[in-house]
Amino acid sequence: MSVDRARVERLTRELLEAIGEDPDRPGLKQTPTRMGDLYAEFFAGVGEDPAAPLAHTISVARGPAPDTLPSGAVLLRDIRFRSVCEHHLLPFAGRAHIAYLPGEQVVGLGALVRVVEILATRPQVQERLGEQIADTVADHLDTRGVLVVLDASHGCVTMRGGRQPEASTLTVAARGEYVDPIARAELITLIGASNAGHP
């Protein structure tokens, strides 16, 4: 399902009128069109299958590097994402970290990035986003454990209400072997080290 840009444009005009503005004044005349484009980008993941990027797998034993069987986790850190909070339609953005214990089948790392992008580009809450990423990887990839850590800054916290510009939210979703906090402790340490240099 694609975003109905024309309808978004009409509703944006109505919204501008509802707040007492003139949608035909020079500064706002193109705003409805811009909002149509913006919402098409922000909500491109609505109706898209997040598991589709995981469909093409690579055999570890029969793949291009059969002599490099992974003995531990594959950890992809610092995947930048942005989403829109479904409560106020304000943006939240941050970094996703995904780790999994591979079985016989693995995927290209870009596939994990696409899973995050698809699930983030729909109305979301951070807690559910992390759980959905973990479920998608656990259910559609040959893995013994999955860990997803999201660290994000929310517009509804930084721009309204308490207005805490430095606040960020950290969520953890775990499947399989990583449900055990001891099993995931090393990964959490590695993820924390990766964020040491980030604001």
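In which strand is the place of Asp 78? Asp 78 sits in strand 2. The close-ups below come from a predicted model.

View 1. Most residues other than glycine have a negative phi. Asp 78 is partly exposed, because its relative accessible area is 27%, and the buried class ends under 20%.

**View 2. The side chain of His 97 contacts the backbone of Asp 78.** His 97 belongs to strand 3, which spans residues 91–102. The His 97 side chain reaches the backbone nitrogen of Asp 78 at 3.1 Å. His 97 has a relative accessible area of 0%, so His 97 counts as buried.

**View 3. The side chain of Arg 77 reaches the backbone oxygen of Leu 190.** Arg 77 lies in strand 2, residues 74–85. The contact with Leu 190 is at 3.0 Å. Is Arg 77 buried, partly exposed or exposed? Its relative accessibility is 38%, so Arg 77 counts as partly exposed.

**View 4. Arg 77 and His 88 are 11 residues apart along the chain.** Their C-alpha atoms are separated by 28 Å.

**View 5. Leu 89 occupies the loop between strand 2 and strand 3.** Phi of Leu 89 is near 55°. This is a positive value in a residue other than glycine. Leu 89 is partly exposed, because its relative accessible area is 44%, and the exposed class begins over 50%.

Methods:
Residues numbered from 1 in each chain as written. Predicted model: local features only at pLDDT ≥ 70, side-chain atom pairs only at ≥ 80, totals over all residues. Heavy atoms only, no water. Helix = DSSP H or I, 4+ residues; strand = E, 2+ residues; numbered from the N terminus. Buried < 20%, exposed > 50% of the residue type's maximum accessible area, 1.4 Å probe, protein only. Polar contact = N/O pair within 3.5 Å; in protein donor to acceptor, adjacent residues only side chain to side chain.
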